[in-house]
Amino acid sequence: MKALLLLALLSVTISAIVADRDEALSVFTQLKRVKKGRLFGAQDDFVSLVQSELLLAEEEYVRSSITGESSILQELATAEAQASGPNCVDFIRQKTALMLNLAGVSYTSCLHQVDDALYAKLSKATDGAVSRDQYDQANVLNAFRGENIFVDPARIRSKLQERMRATLKLPSMSAESVREIREELGEVKEQFVVCMKEARAGLDTSLEGTSKQYQIVCAKKHE
């Protein structure tokens, strides 16, 4: 009876986690909706386009991270898992959530790095005409600064809404200058992808180790 109760409680907990992860993904759904309804291409908008593309590139890693967590949670939700020891299983669940939250810290760090690099290149291209405060008013990347996509996506979504209503006004630039800075921003995007891949690989290693811990410590399935 106690085991059934613990299984039911774990099921409720997992359902809550799934709802939280859906909310994290809704951040990107919102961004896609706004991006689709907004015409990019004007000189003032190409920076916003690059920022949006960077955030949408993050979605792939967030989604795959959630999938990795989900595979472990599904295993923990079985009657067999509960029979192996509900307390042990709950420790594994908590550790899995912690690993995802730490991955969220790494993903935010990648965004910080690319955000700073993006502004540095923009400032150089405009001879410092764009201040950091001006840049941040319409900076969607800044919505993630100090936040964690897996911990409080609602705060990120609120900050995104505020920034997506603003527009960054750039000084007059020649077509050649715009082309050059677009190329430089493309390099920044490549650096971001490298950072995210490294962070995702770290999570993969952690989740794999956690899964093995469940098998060995809780289920006592030794290789």
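Visitor: What span does α7 reach from its first C-alpha to its last, and what is expected at 1.5 Å a residue?
Guide: In this predicted model, α7 has 44 residues and reaches 63 Å. The expected value is 64 Å, and the span is close to it.

Visitor: What is the corresponding span of α4?
Guide: The 40 residues of α4 reach 59 Å from first C-alpha to last, close to the expected 58 Å.

Visitor: Which elements make up the rest of the protein chain?
Guide: From the N terminus on, the order is α-α-α-α-α-α-α. That comes to seven helices and zero strands.

Visitor: Why are α4 and α7 called roughly antiparallel?
Guide: Helix α4 (residues 86-125) and helix α7 (residues 175-218) pack at about 170°, with axes 9 Å apart. Angles over 145 degrees count as roughly antiparallel, so α4 and α7 belong in that class.

Visitor: What kinds of residue form the contact of α4 with α7?
Guide: There are 26 nonpolar, six polar and five charged residues in the contact of α4 with α7.

Visitor: What makes α2 and α4 roughly antiparallel?
Guide: The axes of helix α2 (residues 46-76) and α4 cross at roughly 170° and come within 11 Å. The cut-off is over 145 degrees, therefore α2 and α4 are roughly antiparallel to each other. Their contact has 19 nonpolar, three polar and three charged residues.

Visitor: What lies 3.1 Å from a polar atom of the Ser64 side chain?
Guide: The backbone oxygen of Tyr61 does.

Visitor: How far apart are Ser64 and Arg200, in sequence and in space?
Guide: They are 136 residues apart in sequence, and 8.6 Å apart in space, C-alpha to C-alpha. As for the protein chain as a whole, take contacts between residues at least 6 apart in sequence: 80% of them join residues at least 24 apart.

Visitor: Where is Asn142, and why is Asn142 called buried?
Guide: Asn142 is in the loop between α5 (132-137) and α6 (153-164). Its relative accessibility is 11%. The limit for buried is under 20%, so Asn142 counts as buried. Of the 223 residues of the protein chain, 43% count as buried.

Visitor: Which residues is Asn142 in contact with, leaving aside neighbours within four places in sequence?
Guide: Asp115, Asp136, Lys159 and Arg163 are in contact with Asn142.

Visitor: What makes the pair of Asn142 and Arg163 a polar contact?
Guide: Their side chains are joined at 3.0 Å. A polar contact needs N or O atoms within 3.5 Å, and the value of 3.0 Å meets that limit.

Visitor: What phi does Asp127 take?
Guide: Phi of Asp127 is near 55°, a positive value in a residue other than glycine.

Visitor: Is Asp127 buried or exposed, and how do you know?
Guide: Relative accessibility of Asp127 is 74%. Exposed means over 50%, so Asp127 counts as exposed.

Visitor: Which residue just after α7 takes a positive phi?
Guide: Lys220 does, with a phi of about 55°.

Methods: Residues numbered from 1 in each chain as written. Predicted model: local features only at pLDDT ≥ 70, side-chain atom pairs only at ≥ 80, totals over all residues. Heavy atoms only, no water. Axes fitted to C-alpha atoms, helices over the stretch in contact; angles between N-to-C directions. Helix = DSSP H or I, 4+ residues; strand = E, 2+ residues; numbered from the N terminus. Parallel < 35°, antiparallel > 145°, perpendicular 65-115°, else oblique. Nonpolar A, V, L, I, M, F, W, Y, C, P; charged D, E, K, R; others polar. Expected span 1.5 Å × (residues − 1). Buried < 20%, exposed > 50% of the residue type's maximum accessible area, 1.4 Å probe, protein only. Polar contact = N/O pair within 3.5 Å; in protein donor to acceptor, adjacent residues only side chain to side chain. Contact = heavy atoms within 4.5 Å.
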